[in-house]
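Subject: A structure for you to look through

Dear colleague,

I am passing on a structure that I have been going through, and I would be glad if you read my notes with the model open beside them. Please take your time with each part, and look up the residues as they come.

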Amino acid sequence: PNKLERRPDESPARSNGLKDRFSLFWKILKYSFFSIEHIAVCLLAAGIAALLAVIAINWDLFNPVKIAFDDFNVTDIYYTIQKSENQEINGDIVLVDITKLRDRAKIAETITDVVATSPKAVAVDIIFESQSEYVAADAELVSTVEELSHKDVPIVYASKELDYDQTKDSFNYMLKSFFSDDTDLKWGFSNLPAKNGRGLIRSISISEQSAGIQEHSLAYQAASLYLGHEPETGGEKLKPIIYEDFSFLRVPYDSVKICKDLLKDKLVFIGTLKEEADMHMTPIGRQAGMTIQAYAAYTLIEHRSIQTIPLWQQILFTFMLCYLCAAFGYVIPRAFKYAGASIVQIFYLLLAIVIVYFGFICFIKFNVSFPLAYPLVGIALVETARNIYKICVTLLSRRGGMFVRKSLYYEKKD
């Protein structure tokens, strides 16, 4: 007998009660679960996803959708949920705000005041690109930098990597403050990497090649100085930032002397907190560049690391998930004739919730970031792929053929 004749009887007369329905469900599931046609549905869903991706890339109308899915991560949801109104204050890092300062002599005075509080390390997140029209103020700044370079408190100054050469995976130029050649100072680039240049800031660069020289980031240099060791060469280039549910103590530039006990033995960042040009989007909302540097330094100080599931594992998991959806999407409507379509949708919704919860557990318990884009898109498209496959089988059945008559989706005509 062929496969069609071995199907369980799905007629309502044999399965009126709920118990009979579940019994029929298990019979159909055992009969149909291992089928190459479910694989075909999965491949069809992948084809639909690829087609939509091509449309999104080549049609500007869909660019926002593409960007949203491309830049989506389960950690974004977790950071949003964990955020509370009454946040604790981090005990390792302090931010000194000089947004209102324009006088370089005053900025030099603020840096001196900070060093006088005996912090463990200082990171100056400002770049003085060129000399100003105020010669005396510039001279005061250069003199202060020179004097502080001989103090016991280590200081790292911000720089910026420019002119990236993709073929060499290297920057061609590093922009430093105008006094960079006058003294032997520590520098760290303050570039904040965003996906496609416009996504959320989730990671921090550890090191980059610049004109053939390996340079370290400001956050990494600051964390190394705070921990009392030299930056390591080699290793990973990008590290995910952990945006813990706390805030950093913010001290105005004119309150440094008053708050000197709060800065002692801390890692102190000096920079702007309210400069619109230095605001960036993160999983916890718009944040100043200095605040992001502080979170990055905290991540490095705590030696915490977020592992991302490899792409091949994401694809394998998505395929298994789509296969499960295809199998249950076939069985449920046949076992529960009248409510089958609604039950299938509820099943997909519950499965999506379980996937999101699974992502939370991976992140919270094991520091593993589980991207949700592939599995959620798979769940969303598998029913469409099933319907298209069913239509194809119906059209081919009119021409006959043994293969079509053996299909799970073949409906025998009376």
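Glutamate 275 is partly exposed, with 27% of relative accessible area, and please keep in mind from the outset that the model is a predicted one. The partner of glutamate 275 is arginine 102, with which it forms a salt bridge whose closest N and O atoms are 3.5 Å apart. This pair links distant parts of the chain, since arginine 102 sits in the loop between β1 (88-97) and α5, while glutamate 275 sits in the loop between β11 (267-271) and β12, 173 residues apart. Arginine 102 counts as exposed, because its relative accessibility is 59% and the cut-off for exposed is over 50%. As a general point, side chains of opposite charge can pair when their charged atoms come close.

**The other salt bridges I looked at**

Glutamate 276 is exposed, with a relative accessible area of 54%, whereas arginine 286, at 43%, is partly exposed.

Glutamate 383 also forms a salt bridge, this time with arginine 386, and the closest N and O atoms are 3.0 Å apart. Both residues belong to helix α12 and are 3 residues apart there, which means that about one helical turn separates them. Are these two residues buried or exposed? Glutamate 383 is buried, and arginine 386 is buried as well.

**A charged residue without a partner**

Aspartate 165, which has its place in strand β3 (residues 155-165), is buried and yet has no salt bridge. The nearest side chain of opposite charge is that of lysine 168, at 4.3 Å, and a salt bridge requires the nitrogen and the oxygen to be within 4 Å. If residues up to four places away in sequence are not counted, aspartate 165 touches Ser170 and Asn172.

**The chain as a whole and its cores**

The chain has 13 helices and 15 strands, and buried residues make up 47% of its 414 residues. Among the contacts between residues at least 6 apart in sequence, 77% join residues that are at least 24 apart.

The largest nonpolar core has 39 residues, and those with the most contacts inside it are Phe25, Val41, Ile379 and Tyr409. Two or more residues of this core come from each of the elements α1 (18-32), α2 (36-58), α10 (311-335), α11 (340-366) and α12 (373-397). If we leave aside its neighbours within four places in sequence, isoleucine 379 is in contact with Leu321, Cys325, Tyr348, Leu351, Ala352 and Ile355. There is also a second, separate core of 38 residues, which includes Leu225, Ile242, Leu300 and Phe363.

Tyrosine 374 is found in helix α12 too, and, at 42% relative accessibility, tyrosine 374 counts as partly exposed. Leaving aside neighbours within four places in sequence, tyrosine 374 is in contact with Leu311, Gln314 and Thr318. The C-alpha atoms of tyrosine 374 and alanine 46 are separated by 9.9 Å, although the two residues are 328 residues apart along the chain.

**A pocket**

The second largest pocket has a volume of about 810 Å³. Its lining consists of 30 residues, of which Asp125, Ile126, Ile127, Thr272 and Asp278 lie nearest its centre. At least two lining residues are supplied by each of α5 (104-116), β3, β12 (279-282) and α9 (289-301).

**Two backbone angles to check**

Most residues other than glycine have a negative phi. Serine 118, however, has a positive phi of about 65° although it is not a glycine; this serine 118 is found in the loop between α5 and β2 (121-124) and is partly exposed, at 37%. Aspartate 163 likewise has a positive phi, near 60°, but its place is in strand β3, and aspartate 163 is exposed, with a relative accessible area of 52%.

With best wishes

Notes
Residues are numbered from 1 along each chain as its sequence is written. This is a predicted model: local features need pLDDT of at least 70, side-chain atom pairs count only at pLDDT 80 or more; totals for chains, interfaces and linings use all residues. Side-chain values use heavy atoms; hydrogens and water are left out. Helices (H or I, at least four residues) and strands (E, at least two) are DSSP runs, numbered from the N terminus. Buried means under 20% relative accessible area, exposed over 50%, partly exposed in between (1.4 Å probe, protein chains only). Lys and Arg count as positive and Asp and Glu as negative; His and the chain ends are not counted. Contact means heavy atoms within 4.5 Å. A nonpolar core is a set of buried Ala, Val, Leu, Ile, Met, Phe, Trp, Tyr and Cys residues joined through side-chain atoms within 4.5 Å. On a 1 Å grid over the protein atoms alone, a cavity is a set of points where a 1.4 Å probe fits but cannot get out, and a pocket is an open set with protein on both sides within 12 Å along at least five of seven lines; lining residues have an atom within 4 Å of a point. Grid points are joined across faces, edges and corners, and a volume is the space filled by probe spheres set on the points.
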